[in-house]
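Me: I'd like a close look at one part of this model, please. Pick a residue and start there, then walk me through how the surroundings are built, with the cut-offs as you go.

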Amino acid sequence: MTHRISEIAAALGAEAFGAVDLEISGVSEPANAGPRDLALAMDPKYADGLAQGKAQAAILWQGADWQALGLKAALFVPRPRYAMSGVTRLLDPGPQIVGIHPTAVIDRSAKIGTGAAIGPFVVIGQNVEIGVSVRIASHCSIEEGSTIGDHALLRAGVRIAARVSIGHNFIANHGAIVGADGFSFVTPEKSGVENARESLGNQGDAQAQSWTRIHSLGGVTIGDNVELGANVTIDRGTIRDTRIGNGTKLDNQVHLGHNVQVGDDCLLCGQVGIAGSTVIGNRVVMGGQCGASDNIFIGDDVVAGGSSKLFTNVPAGRVVLGSPAVKMENQVDMQKALRRLPRMMQQFRELQKTVSNIVQKD
């Protein structure tokens, strides 16, 4: 697949100069670019790389002299990183799935939208509804009563359980699982865990008991333009649905427990874990390996630094870090104080020795 420089400029809203009819088939770092690659040189530090490579066209930093750099064509964009999203979208063909593969097993009651493509060994259950132009790669399964909106992409090995509702433009990467049973168990009598939680440490006189499953009768509801990374796992609700709002993106190996509610346009990075019934507002960003306790509320526009552990409610707009998570500026001060602690202890020991000598002389 090739695109003219003029087409790329139109897609990005960029300014184009030079041979705008030049055709491009890929993108590359400047030093490794071939003659049909668009070099991504959006900072002056890439100028030497352009001289090493063979690119004829590049996206350049503002003010660059594209002709002096030996290029035949150039693009200029106001926000380089945002331009990356547009050019990669334009040049990404996605998985090549055409038609319905003969090994796919599709229940007669399922409704398949116009232009849907279904790969090898896909299984689609009873009363499933698949939207227009959906692409489903090999070895996916979609269980009874689930719906998927238009223009979705399910990569190989995705599992959609029963009673899951998914909006338009959904993307699920390899091995993602939506709608597994929630991890919910109870004991006949009050357990030591319950006592410890109430007392903040004392298990009381709880007796040895076995765990009894609480079945998950709810489903999962996912809005439009949601993306799931590889091996994401989302549990269904116990009674009400687990929910994910429009535009939210989950990185690889993120886990959402039963009944979790996630708002719009959130970013949950790799290995984030959210315990059951926690509510997350809109535009929340959680760095890799963050964790949130069950039944807490995380307000709109919260940013949690990597590996933070959120044990209590977090008000809207707060930037937090650490375990337990506190305001980021407080955590930075705490870490500075911790680094000073060995020196302070040495000073304390020396002071203690001095005082002791004075006392002995008296």
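Reply: Leucine 341 is partly exposed, with a relative accessible area of 39% (buried is under 20%, exposed over 50%, partly exposed in between, with a 1.4 Å probe and protein chains only). This is a predicted model, where local features need pLDDT of at least 70, side-chain atom pairs count only at pLDDT 80 or more, and totals for chains, interfaces and linings use all residues. Residues are numbered from 1 along each chain as its sequence is written, and side-chain values use heavy atoms, leaving out hydrogens and water.

Leucine 341 sits in helix H5, residues 328–361 (helices are DSSP runs of H or I with at least four residues, strands are E runs of at least two, numbered from the N terminus). Together with Leu338, Met344, Met345 and Phe348, Leu341 makes a nonpolar surface patch with about 480 Å² of accessible area (Shrake-Rupley, 1.4 Å probe, only the protein chains shown counting as cover for residues). Patch members have over 30% relative accessible area and no salt bridge, with nonpolar side chains (Val, Leu, Ile, Met, Phe, Trp, Tyr) joined within 5 Å and like charges within 9 Å; a salt bridge puts a side-chain nitrogen of Lys or Arg within 4 Å of a carboxyl oxygen of Asp or Glu.

For a contrast, turn to strand S5, residues 37–41, where five of five residues are buried. Asp37, Ala39 and Ala41 point one way, while Leu38 and Leu40 point the other way. S5 runs parallel to strand S4 (residues 26–28), joined by three bridges (strands pair if DSSP finds at least two bridges between them), and leucine 38 is the bridge partner of valine 27. Four bridges link S5 to strand S6 (residues 57–60), again in parallel, and alanine 39 stands opposite alanine 58 there. From S5 the chain crosses through helix H2 (residues 47–52) to S6, a right-handed β-α-β crossover (clockwise from the first strand over the helix to the second, with the strands pointing away from the viewer).

Further along, nine strands form an open parallel sheet in the order S9-S12-S15-S18-S23-S26-S29-S32-S35. Strands S9 (111–112) and S35 (297–298) are at the edges with a single partner strand each, so one side of each has no neighbour in the sheet. Within this sheet, S12 (residues 129–130) and S15 (residues 147–148) pair over two bridges, with glutamate 129 partnering threonine 147.
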